[in-house]
Amino acid sequence: MIVGCAGHGRELLDIVHAINEAAAGTAWRVRGFVDDTPTEVNLKRLQRLDVPYLGSLVTLGDLPTGTHVAVGIGDPRSRRRVARRVASHRLPAATLVHPDATLGTDAEHGEGLVLFAGARVTTNVTFGHHVQLNQNVTIGHDCVVRDHVSVNPLAAVSGDCHLDEGVLVGAGAVVLQGLRIGAEATVGAGACVVRDVPAGTVVKGVPAR
């Protein structure tokens with residue numbers, strides 16, 4: 001089951017299709033989408049994909065035990081809130097790694113990790129739960145990436161960095177070696193982070209301030 005009918009959730013469906021094609025069979029069978037507030041536009045887009053919309057998140061309570069749930073929400077805070085609802089139903093979170101993503105040696109991750117096409121993760125990287133790395137993201141050696149972090153397309157996180165829970169790294173941003181991004185902080189698109197970022201702050205620009 002995929003939570004979220006908007007673009008992010010439908011992108012997760014593409015990852016599932018790519019995984020199934022690489023497996024030369026059906027590794028995953030998608031039951032459908034659930035969403036508390038789907039727009040008419042997104043419901044029409046979903047119809048074109050021939051995957052049903054099954055209702056609000058209340059539907060999760062009716063799923064068979066063992067049904068995996070992928071949370072297709074880009075915003076870290078919203079994803080954390082939904083992930084907690086999924087966990088309350090004791091449903092496992094799906095880990096989805098696109099065949100064109102690279103998960104390096106000695107990498108560890110919690111449930112719900114999503115790697116989009118072109119994501120590159122090198123050695124000795126530790127991920128928490130429900131981390132999402134978008135298209136063409138790079139994560140360097142010896143990084144720690146905590147729960148519910150989102151790294152948007154084309155961002156680069158250098159080695160020995162620490163991204164605390166709920167961090168959002170914007171598209172095309174760069175985090176230089178050995179830095180720490182505090183919990184709930186946001187790095188703006190295209191920023192270059194050259195010093196630690198305190199929790200709960202927003203930084204942008206080159207260098208990021």
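Is Arg 180 buried, partly exposed or exposed? Select Arg 180 in this predicted model: the residue is partly exposed, with a relative accessible area of 39%.

**Whole chain.** Zoom out and colour by secondary structure to show three helices and 20 strands. The C-alpha atoms fill a box of roughly 45 × 35 × 30 Å along the principal axes. The radius of gyration is 17 Å, which agrees with the value near 17 Å for a compact globule of 209 residues. Of these residues, 47% count as buried. Next, colour by charge: the mean positions of the 19 positive and 20 negative charges are 6 Å apart.

**Arg 180 and Asp 164.** Arg 180 lies in strand β17 and Asp 164 in the loop between β14 and β15, so the pair ties together parts 16 residues apart in sequence. Asp 164 is buried, at a relative accessible area of 14%.

**Arg 77 and Glu 184.** Select these two next: their salt bridge also has its closest N and O atoms 3.0 Å apart. Arg 77 is in helix α3 and Glu 184 in the loop between β17 and β18, so this pair ties together parts 107 residues apart in sequence. Both are partly exposed, Arg 77 at 48% and Glu 184 at 22%.

**Asp 36 and Arg 85.** Finish with the salt bridge between Asp 36 and Arg 85. Asp 36 sits in the loop between β2 and α2, while Arg 85 is in helix α3, 49 residues apart. The whole structure holds six salt bridges.

Definitions and conventions. Residues numbered from 1 in each chain as written. Predicted model: local features only at pLDDT ≥ 70, side-chain atom pairs only at ≥ 80, totals over all residues. Heavy atoms only, no water. Helix = DSSP H or I, 4+ residues; strand = E, 2+ residues; numbered from the N terminus. Rg over C-alpha atoms; globule rule 2.2 N^0.38 Å. Buried < 20%, exposed > 50% of the residue type's maximum accessible area, 1.4 Å probe, protein only. Lys, Arg positive; Asp, Glu negative; His and termini not counted. Charge placed at Lys NZ, Arg CZ, Asp CG, Glu CD. Salt bridge = Lys/Arg side-chain N within 4 Å of Asp/Glu carboxyl O.
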